[in-house]
Amino acid sequence: MIDDAAPRRDEADGEHREAADKAESLRRLNSLAHGAATAELLKCCGSTRWARLMSVERPFQDAPSMFETAERVWRSLEPGDWLEAFRSHPKIGEAKPERAVSDAARQWSEDEQSGVRDASAPARSALAEANRVYERKFGYIFIVCATGKTSDEMLAVLEARLGNDPDIEIGIAATEQARITQLRLRKLLDV
């Protein structure tokens, strides 16, 4: 007789181990000294003020409460804090951000922009030119949650956003940064 329940038990055991690992990562983050926690959180969002405020908000009860706090703190910041976070990202299609970042943040950026890795030379050139136009117009680099997007999709989003009013665009860029931060917080807990 074949035990149909065995794969379900293995899957459930894997889910329990994953939840326990995330809980342990959260306990570790909660137990760090303020400066060390701030450094960990800066991997997820390049705004120093956001990372410091998040560190002060600890301990987090669970991952969902940490994600909610991250969003609330992000929305409480000023545009200057948002711009600081934007500078911790490389331009789409490039490897180096304006500001120095941790190895983890650099690796996460590379992974997030993986849709550009295999782009054709014309597509990379079009992205680079659109990035330059965007930066001239708005004064900061184009921010998009690139995870799962191809180079063509990112270019289409960039070109569409070029038509935005600057006051609207900063809010859109901040929303994209919040999405990136949420993904990175999840990665931080998966470590």
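If we leave aside its neighbours within four places in sequence, Gln-113 is in contact with Pro-90, Lys-91, Ile-92, Gly-93, Glu-94 and Ala-146, contact meaning heavy atoms within 4.5 Å.

A word on the source: this is a predicted model, in which local features need pLDDT of at least 70 and side-chain atom pairs count only at pLDDT 80 or more, while totals for chains, interfaces and linings use all residues. Residues are numbered from 1 along each chain as its sequence is written, and side-chain values use heavy atoms, with hydrogens and water left out.

Now the chain as a whole. Its secondary structure comes to ten helices and zero strands, and buried residues make up 41% of its 191 residues. Among contacts between residues at least 6 apart in sequence, 67% join residues at least 24 apart.

What does the largest nonpolar core contain? It has 46 residues, of which Trp-50, Met-66 and Trp-74 touch the most other members; such a core is a set of buried Ala, Val, Leu, Ile, Met, Phe, Trp, Tyr and Cys residues joined through side-chain atoms within 4.5 Å. The largest share of this core, eight residues, comes from helix 10. Trp-74, again leaving aside neighbours within four places in sequence, is in contact with Cys-45, Ser-47, Trp-50, Trp-82, Ala-85, Ala-174, Gln-177 and Ala-178.

The axes of helix 2 (residues 34-42) and helix 3 (residues 48-57) come within 8 Å and cross at roughly 130°, the axes being lines fitted to C-alpha atoms over the stretch in contact, with angles from 0 to 180 degrees between N-to-C directions. That makes helix 2 oblique to helix 3, because angles under 35 degrees count as roughly parallel, over 145 as roughly antiparallel, 65 to 115 as roughly perpendicular and the rest as oblique. On the helix 2 side, His-34, Ala-37, Thr-38, Leu-41 and Leu-42 meet residues of helix 3 that include Trp-50, Ala-51 and Met-54.

Key: Helices (H or I, at least four residues) and strands (E, at least two) are DSSP runs, numbered from the N terminus. Buried means under 20% relative accessible area, exposed over 50%, partly exposed in between (1.4 Å probe, protein chains only).
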